[in-house]
Amino acid sequence: MRSKKNILVVEDNAINRMMLCEILTPEYTVLEAENGQEALLVLQECKEEISLILLDIIMPVMDGHTFLSIIEKNPSYASIPVIVATQSDSETDEIAALSSGATEFVTKPYNPQAILRRVASIIRLRETAAIINQFQFDRLTGLYSKEFFYQRVRETLEQTPDQEYDIVCSDIENFKLVNDIFGTPAGDRLLCSVADMYTGLVGEEGICGRLHADQFACLMKHREDYRDEFFIQAGAQISKTGSMRSIVMKWGIYAVEDRLLPVEQMCDRALLAARKIKGQYGKYYSKYDDDLRNQMLHEQAITDVMENALAEEQFIVYLQPKYSIITERLAGAEALVRWEHPKWGFQSPAAFIPLFERNGFITNLDQYVWEKTCAILQKWDSIGYPPIPVSVNVSRADIYQVDLADVLLKMVSRYGLAPSRLHLEITESAYTEDPDQIISTVRHLRELGFIIEMDDFGSGYSSLNMLNQLPLDILKLDMKFIQSGTAKPMDQGILGFIMGLARWMDLRVVAEGVETREQLERLKEIGCDYVQGYYFARPMPSEEFESLLKRQDSTKEETEAEASSLGSTSLSGYILVAEEDDAYRNQICSLLRNRFKIIEAVTGKEALGFIVRYERELSGVVLSLTLPELSGFSVLEILQREKAVWNIPVVATAPPDPRTEDQAVEMGADDFAYKPCSAKIIERRLINAMERSLSYESRQTLHEDACRDYLTGLLNRRGLNAAVRIMKKEDAPMAVFLFDIDNLKQVNETLGHSLGDRLLKKFGDLLHARTRSNDILARFGGDEFLVIMRQMGSEETALKKGEEICGGFQNAALTDQLPISCTCGAVIWNNDVPLDNIISQADKALYQAKLNGKGGCSVRHQSGLPDSSNDRQNGSRD
């Protein structure tokens, strides 16, 4: 039912009031007041709900004229139409009423049909005016809306052909931060302050409007004398009225020359001029000139050919090598894009990437680069090169795609790659745009096995709180830190803080833009993991990059052969010599340097820092127990407490004292030597300790072999039980998958056990490729496999992962003589019931999936309820 509109009847005569109520009630809801004073009280309560006022002029307490004068001055009431009623029909009274703000004038006695017609007509007119007003004016600021601003400017230019004009536009730098930090109401107040400033700026002769968010524009008479002071003063006014300090606005000016140009393009040119100086301190305004015009023409030319260029594969993937900072060996690459245009030649990415980001074409280009990168990785795998990862850029436009995860997952699957081979680089600034959505999307990608890198870290505005929430694996430092931060002492400056933060968050760190040996050494000192930059290599085509892979492969073989020929006395890795006496330390290092790479430390604090940074590369430690700052005993205690380094062999040294020797051995030292003793004794004891450590590791390897399935290399049941025993509460929730190879018995009987074994091994390799390194993979029985994926609580994610593995196996079948597939049942496990119970439920889910057709997946709640609503499944695949 259509709701009735409200009419306020203000009449002191009860009979007249009753008559008006009888006339209006069938069509309207009538509110009553006996005089102007009562009417004001009703307005205060219901002002937004009243569509019209019927007002008597002559009343006690407050007459109609006084009432009209009050509501006319109040913006909240002024738009409500008023029909004045009086006994007199003189022209003087009518003019007086209309002059006071009345919309219409009627005389008593009332004519019901005339009253209804006039009321309906005036309400309709008011609503139409409201709609027009809503179109014409920006609701927040009261300035012209974008469309109406364009219309008014066109009209003005047509009506005054001899007057010269300027379009002036402005943009607030980092306006989103105002909303994020101070809240949306504060941002709205700031925008209203900008609108007030514009109104004062243009006066009665100018036209101003709000184009979008924090972008404003005005048309004003042309002037040649624009100065910084003019815009500084305008900015100061905004900061003052908006109650915010340090608001930075950039202004762009377009002198209207071509009046046939659409007004929208005039504003675009002014905004382009403003964008030219964005981020430049001390520059407040910029004029649109020939340089900007040429830039626009060039950008339009690029836009005209970009789709054909992509279709013709004019865009080429270049690779910039990444190196391990410890070994200085190739560890990965970043995929970059270059454009070889047939007529224009080589195009710098700076000429087209920002444009593609603005016009949305970047999503097409990104997917093209992802596809080409996957093809390159597949080619390397087929040749047998080391399986290094490659980073690709993911723009913020890509993240807002609903199917981003699906696109990437299908792509790596199509090329037979593990998701971890593709590192996804997302700039820090992207996380500040819409953090909740981006964090959700990136977390899902990480759950699927992709490695997430935050690119240009330090260039954006991430708070530490936000950084703690982000699903990250790698921080990639902004180049400006490398160029300036490496000049500071190791324990000072932002670089040292970032490295400590990364270690605390268990993140690896990549430094880009490394150009000198000095920068490399400083980065090595503070514990950076990987580097890239011109010091090592410029970006290069994939063919040139392959030569690096070949060279590294051959170097590796030569190194291994050389190590083999040296016999058991040659041991690899770094040796840390922590000794405060310079002469004694030099004596030890000069002897050990023939066989090892040496790291030297003169204090306990420095020794501990090197142990943390080189934990994976350390083969042994010579540790003085009398080190300054932090004693050797303290270092020894930390070494034994930390799981990552407890098995590093340590030879402790100290002045002769049996109690010191006993204490050192009790605290975990592998051997002890009095000092000063000959460096030869130190060397022999160190090598003996390292060989004992290797023997222990060999026994551990034998134990691990007993927990492995000989065919697939996955855990067997013994290994599965051992892995489950050491799981932590933080690993939950987990997804438990039970896979069954369909028709394996028939394959063995028809095509032979050799092919059956190859199928089992193929499936084991597939599980390794499609899961994360910390997931548990086991061969559970003859043709059954069990997978436990940590921190996966979403049934939808589990279903997609199960379908992905089943689909990948079907696509990689080794024969077309028999239908080869696998079927999966999965359960979300909170680690609060025994695993055997969960496996039983996974088996039921597997049975349900087989009922729906082999090759599919079914997910079951942990509770294991038998009703059909308890299962989510997809049927078999074509």
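Which residues make a nonpolar surface patch of about 290 Å²? The patch is made by Ile-15, Met-18 and Met-19, where a patch joins residues with over 30% relative accessible area and no salt bridge, with nonpolar side chains (Val, Leu, Ile, Met, Phe, Trp, Tyr) joined within 5 Å and like charges within 9 Å. A salt bridge here is a side-chain nitrogen of Lys or Arg within 4 Å of a carboxyl oxygen of Asp or Glu.

This is a predicted model, in which local features need pLDDT of at least 70 and side-chain atom pairs count only at pLDDT 80 or more, while totals for chains, interfaces and linings use all residues. Residues are numbered from 1 along each chain as its sequence is written, and side-chain values use heavy atoms, with hydrogens and water left out.

The protein has 33 helices and 31 strands, which are DSSP runs (helices H or I, at least four residues; strands E, at least two) numbered from the N terminus. Of its 878 residues, 49% count as buried, a word that stands for under 20% relative accessible area, whereas exposed stands for over 50% and partly exposed for values in between (1.4 Å probe, protein chains only). Ile-15, placed in helix α1 (residues 14–24), counts as exposed because its relative accessibility is 55%.

Strand β6 (residues 165–172) contains Asp-171, which is buried because its relative accessible area is 12%. The side chains of Asp-171 and Lys-278 are joined by a polar contact of 3.3 Å, that is, a pair of N or O atoms within 3.5 Å, of which, within protein, one must be able to donate a hydrogen and the other to accept it, and residues adjacent in sequence count only if both atoms are side-chain atoms. Beyond its neighbours within four places in sequence, Asp-171 is also in contact (heavy atoms within 4.5 Å) with residues including Asp-214, Gln-215 and Val-248.

Glu-104 belongs to strand β5 (residues 104–107) and is partly exposed, because its relative accessible area is 25%. Leaving out residues up to four places away in sequence, Glu-104 touches Val-82, Ile-83, Val-84, Leu-98, Arg-118 and Ile-122.

What is the count of disulfides? The count comes to zero, with a disulfide taken as a pair of cysteine sulfur atoms within 2.5 Å. Cys-857 is in no disulfide, and the nearest cysteine sulfur, that of Cys-824, is 3.7 Å away. Cys-857 counts as buried because its relative accessible area is 0%.

Technical notes:
Accessible areas come from the Shrake-Rupley method with a 1.4 Å probe; for residues, only the protein chains shown count as cover.
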